[in-house]
Amino acid sequence: MAIKPTKRELQTQETKRRIATAAKELFGEYGFEPVSVKDIAERAGVTTGALYYHFKNKDDLIMAVYGENATLFRELSEKFARSEDPLGDIVEFLGETMVKRIEDDGFEFTRYRVLRFYDYNHSTEFDDCFDVLVRRGLELGCFREGLGEDELVDCLTAIYRGAVYQYVVSIPEVDLRALVKRRLRMTIEGIAR
């Protein structure tokens, strides 16, 4: 039997969602540094005290904004578990879905988040979702013999993360979508069966 959330719990969830949404919008529009906690609170329609009740600082808000896509990743994991074209889905996932997310977040916010929080040893919803896709590719025999799940995940996510890093540090700006897809295609040619 599921326990129904109380009215107060629902209000708390809604307030946190409004604050995270306001932060994402402002970070996307102006970048991270110029946006103040007061700006976020005003956009969300709450007091700065209420914001600090739910989030200890702006960095905590970044993690909340970044974690907003948990539902998307769960849905993609379910889809990827039944994929009939894992190699194509890898390119689509990293070269389109994730690039679109970065574009939606905005360059300055992405740059700040990548340079401040990039953690290659951290398991995220993204990592879990990608593991499912690679596992499916192994089940269908899409990869050359002798390649293990950990090796494939490490190689393919390093290509994506490396391209994102290059995107945020390059002057002039690089075309992230083209960079990710080009690198993935070259790598997949070498590891595909």
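**Helix 9 and its surroundings**

Analyst: Helix 9 has 21 residues, and its first and last C-alpha atoms lie 30 Å apart, close to the 30 Å expected at 1.5 Å a residue. Please note that this is a predicted model.

User: Which residues of helix 9 are buried?

Analyst: The buried residues in helix 9 are Leu152, Val153, Leu156, Thr157, Ile159, Tyr160, Arg161, Ala163, Val164, Tyr167 and Val168.

User: Take Leu156. What is it in contact with, leaving aside its neighbours within four places in sequence?

Analyst: Leu156 is in contact with Ile90, Leu94, Phe130, Val134, Leu184, Thr187, Ile188 and Ile191.

User: And which residues touch the most other members of the largest nonpolar core?

Analyst: Those are Ile90, Phe93, Leu94 and Leu156, in a core of 35 residues. Two or more residues each come from helix 5 (70-80), helix 6 (86-105), helix 8 (125-139), helix 9 (149-169) and helix 10 (176-191). Helix 9 supplies the largest share of this core, with nine residues.

User: What does the second core include?

Analyst: The second core is separate and has 19 residues, among them Ile19, Leu26, Val46 and Phe109. In soluble globular proteins, nonpolar side chains tend to be buried together.

User: Changing topic: where is Ala70 found, and is it buried or exposed?

Analyst: Ala70 is found in helix 5. Ala70 counts as buried because its relative accessibility is 12%, and the cut-off for buried is under 20%.

User: How many residues separate Ala70 from Arg82 in sequence, and what is the distance in space?

Analyst: Ala70 and Arg82 are 12 residues apart in sequence, and their C-alpha atoms are 19 Å apart in space.

User: Now the whole protein. How many helices and strands does it have?

Analyst: The protein has 10 helices and zero strands. Along its principal axes, the C-alpha trace spans about 55 × 55 × 25 Å.

User: What share of the contacts joins residues at least 24 apart?

Analyst: Among contacts between residues at least 6 apart in sequence, 71% join residues at least 24 apart.

User: What about burial and surface?

Analyst: Of the 193 residues in the protein, 42% are buried. The accessible surface comes to about 11000 Å², and carbon and sulfur atoms account for 50% of this surface.

User: Last one: how many positive and negative charges are there, and how far apart are their mean positions?

Analyst: The protein has 29 positive and 35 negative charges, and their mean positions are 4 Å apart.

Notes:
Residues numbered from 1 in each chain as written. Predicted model: local features only at pLDDT ≥ 70, side-chain atom pairs only at ≥ 80, totals over all residues. Heavy atoms only, no water. Helix = DSSP H or I, 4+ residues; strand = E, 2+ residues; numbered from the N terminus. Buried < 20%, exposed > 50% of the residue type's maximum accessible area, 1.4 Å probe, protein only. Contact = heavy atoms within 4.5 Å. Areas by Shrake-Rupley, 256 points an atom, 1.4 Å probe, with all protein chains shown as cover. Lys, Arg positive; Asp, Glu negative; His and termini not counted. Charge placed at Lys NZ, Arg CZ, Asp CG, Glu CD. Core = buried A, V, L, I, M, F, W, Y, C linked by side-chain atoms within 4.5 Å. Expected span 1.5 Å × (residues − 1).
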